[in-house]
Amino acid sequence: MTGDSREMKVVPVLVPMPAERPYSYVLQEGMEAVPGSIVRVPLGPRQVAGIVWDTPVENIESKRLRQVEEIFDCPPIDETARRFVDWVAAYTLTPPGLVARLLLRAPAAFDPEPWSEGIQLTDVEPDRLTDARRRVLALASEAPAWTRSGLAHAAGVSSTVIDGLKAQGVFETVMLPPRPVVPAPDPSYALPDLMPDQMSAAQVLRDGVASDRPGVTLLDGVTGSGKTEVYFEAVAAALAKGRQVLILLPEIALTQAFLERFQDRFGAKPAEWHSDLAPRMRERVWRQAVEGTVRVVAGARSALFLPFKELGLIVVDEEHDPAYKQEDRVFYNARDMAVVRGHLGKFPVVLASATPSVESKVNAMQGRYTCVELRGRYADAALPELKAIDLRRAPPARGGFLSPALLGPIRETLDRGEQALLFLNRRGYAPLTLCRVCGHRFQCPECSAWLVEHRFRGQLVCHHCGHTEKRPDACPECGTVDHLVACGPGVERIAEEAVSHFPDARTIVLSSDLLGGTKRLRMELEAIAGGEADIVIGTQLVAKGHHFPNMTLVGIVDADLGLANGDPRAAERTFQLLSQVTGRAGRTGKKSRGLIQTYQPDHPVMRAIVSGDSSAFYEREIAERERAALPPFGRLAAIIVSADSRADAEGHARGLRRAAPDSPDIHVLGPAEAPLALVAGRHRFRLLIHGGRRSDIQTFLRAMLASGPKLRGSVRIQVDVDPQSF
Ligand code: ADP
Ligand code: ZN
């Protein structure tokens with residue numbers, strides 16, 4: 001292969017470190033490697049797993065190079081997955097080694113899964129037959145091989161019966177290959193009965209898969225319209241063609257119901273991939289993805305970096321969801337990178353949402369994406385009747401946050417034996433605590449943020465760095481006891497208010513603070529779906545795709561909350577979140593309502609939600625973005641410079657700004673203090689890079705970083721191309 005210098009074979013190996021390019025290693029005598037092979041190489045004092053790359057090797061004398069220690073017995077990472085790593089690295093300005101690390105996240109999977117011991121019938125006849133033996137033999141002939149305990153269990157006998165037969169030579173020991181993590185899904189297991197509009201939507205998706213037509217389809221349909229049923233048909237088509245499928249979901253750990261629906265359609269569950277997966281299972285899924293054993297993976301954004309053998313379709317469900325953006329080490333949006341992976345692998349990508357991102361809408365309008373719409377709910381289930389509650393005219397009682405216009409309908413809902421959901425996107429009890437006597441406000445010592453009271457735990461918590469302190473009785477400033485007041489509501493406080501009004505109702509608070517983590521959340525979600533709660537109070541966790549059959553009232557406690565932060569994406573986010581939350585109501589056809597408490601009932605977002613006319617909202621939003629040349633009509637990147645001291649952070653940011661090259665269509669804004677100026681004791685300054693739609697923002701950034709000041713002391717830089725908020 002590459003670089004053959006003096007009989008010794010030199011290979012470039014991309015190691016999972018912040019390496020800008022592959023390092024060169026020498027293959028040992030007799031070793032055979034191809035691009036994509038996974039190898040073990042020394043790196044400093046350690047040994048790491050890396051991937052043989054296909055860039056030319058550096059011109060170094062091979063005598064001075066270190067040796068490849070081992071080539072793992074693993075199928076090579078395929079060409080498109082390697083080009084994908086290169087592409088993501090170049091686009092996000094991340095060293096390719098760090099992107100490769102996303103792909104190598106299952107170290108024990110580089111070795112093959114072990115085979116296990118099993119038994120198999122010989123032609124020896126048993127010397128005598130008991131009932132138990134007869135049962136075992138009858139069963140045993142139905143499959144080529146068994147595990148000892150599996151056969152005993154299936155036949156309902158003790159394993160000693162099997163041991164007895166084995167001693168006589170009726171069974172012999174064989175080695176069994178590893179079992180698939182999930183049985184193979186069957187594309188024609190249970191064909192759906194689609195409604196006419198679903199049928200034509202499914203046909204478009206199926207055609208895309210069948211004709212090997214790469215390209216993106218936006219599946220835009222109201223909540224409850226059956227988008228899942230429809231894209232399952234694309235999945236079926238890809239499976240029938242012998243291709244693997246990836247379905248991305250924003251909160252896979254919380255969507256057990258999704259796995260069951262998949263099973264109903266395909267006769268087996270998809271393999272799961274997310275951070276809560278047990279390590280052993282992760283290894284097996286990774287291995288079976290690269291071997292091609294696993295046919296469908298349903299996963300969180302990181303599943304995009306699984307080394308599939310023959311991927312032929314990606315579905316991104318709830319494509320607008322901010323959870324697809326990773327803002328840690330490699331800053332990427334999995335929705336956008338899914339489109340790239342499809343393009344590189346020449347296969348179709350489906351983006352599904354009831355509230356598509358403005359970016360995807362524009363791509364569909366301008367013909368870059370095919371658009372398929374579903375306008376009505378399945379079986380004509382009525383969408384909830386939506387109404388704004390004008391808090392200026394009908395305020396809640398003093399000290400409360402639930403207005404009479406919301407409390408009345410909650411009462412009626414409970415009286416009918418149905419469920420109500422109260423949504424407030426704020427964890428804890430109160431976002432701010434202050435002293436009524438001296439005005440002291442509790443602030444995080446490490447961040448520019450207020451401490452949030454968590455009353456159930458008796459603590460004040462910073463939601464940015466995790467700083468936690470006990471809630472005191474006395475003011476630390478003036479010493480007055482018992483005069484601290486909670487300002488504003490969080491979900492805990494709304495729960496307290498709900499309980500005071502409806503003491504007999506069963507109330508559940510759902511937020512990421514729930515003790516017991518994901519497992520507990522899953523249980524609570526099941527309990528709610530099973531009717532074991534009357535009032536649910538939740539943060540955005542409850543907005544995501546859950547199906548609560550008996551939920552007929554959704555109350556938005558503070559619809560204005562997300563609009564206040566001055567971010568140009570605030571209107572879009574609020575629109576999406578409120579549409580999703582109100583979409584939880586009435587999914588089984590019962591008459592349902594969504595009531596939206598707001599001080600700005602005339603705001604375009606509120607009007608769009610209440611009227612159900614999303615097109616007016618999108619038109620307006622798109623026009624505004626176009627006017628300001630904001631994405632997708634322009635390009636943005638953010639550089640965050642942080643340091644232990646404010647002066648260091650600011651000084652470095654100014655230095656970077658001076659290093660910006662001249663460009664006709666790209667401008668640098670700032671540096672200014674970042675929206676959170678202090679996080680975990682680090683001062684942060686932000687530069688925004690704003691370019692025209694076709695500007696080459698990556699080249700500009702690279703030039704700026706290369707000629708900017710060298711990193712010194714505690715200074716760190718994060719580059720975020722296509723930032724979430726701007
Ligand atoms: P969406 O993802 O668009 O919100 P879902 O795919 O979750 O909608 O469908 C909403 C509900 O309607 C689900 O319970 C689903 O099982 C049901 N449903 C949708 N289409 C059909 C169909 N053609 N046949 C049977 N049930 C359907
Ligand atoms: Zn903090």
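A residue counts as buried if 20 or more other C-beta atoms lie within 10 Å of its own, exposed if 12 or fewer, and partly exposed in between, with C-beta atoms placed from the backbone. Keep that scale at hand for the tour. This is a predicted model: local features need pLDDT of at least 70, side-chain atom pairs count only at pLDDT 80 or more, and totals for chains, interfaces and linings use all residues. Residues are numbered from 1 along each chain as its sequence is written, while chains are lettered from A and ligands numbered from 1 in the order in which they are written.

Stop 1: Select residues 38-43, strand 4, and residues 46-52, strand 5. Helices (H or I, at least four residues) and strands (E, at least two) are DSSP runs, numbered from the N terminus. The two strands run antiparallel, joined by 6 bridges; strands pair if DSSP finds at least two bridges between them. Pick valine 41: its bridge partner in strand 5 is valine 48. The hairpin has 2 residues between the strands, and glycine 44 there takes a positive phi near 60 degrees.

Valine 39 has isoleucine 71 as its bridge partner in strand 6.

**Stop 2: lysine 346.** Go to the loop between helix 10 (334-345) and strand 16 (348-353), where lysine 346 sits. Its phi is positive, near 55 degrees, in a residue other than glycine. Lysine 346 is exposed, with 12 other C-beta atoms within 10 Å.

**Stop 3: helix 16.** Select residues 604-611 and show Val605, Met606, Ala608 and Ile609, the buried residues of this helix. They lie on the same side of helix 16, because they cover an arc of only 160 degrees around the axis; the arc is that of the directions from the helix axis to the C-beta atoms. Their cover includes strand 18 (385-390), helix 15 (570-582), strand 28 (593-598) and helix 17 (614-627). Step just past the helix: glycine 612 has a positive phi of about 70 degrees.

**Stop 4: two cis peptides.** Proline 631 and proline 632 are joined by a cis peptide bond, omega about 5 degrees. Proline 632 is in the loop between helix 17 and strand 29 (634-643). Next, find glycine 670 and proline 671, also joined by a cis bond, with omega about 10 degrees. Proline 671 belongs to strand 30 (residues 666-679).

**Stop 5: alanine 680.** Select alanine 680, in the loop between strand 30 and strand 31 (682-692). Although not a glycine, alanine 680 has a positive phi of about 50 degrees. Alanine 680 is partly exposed, with 15 other C-beta atoms within 10 Å.

Terms used
Two residues are in contact if their C-beta atoms, placed from the backbone, lie within 7 Å.
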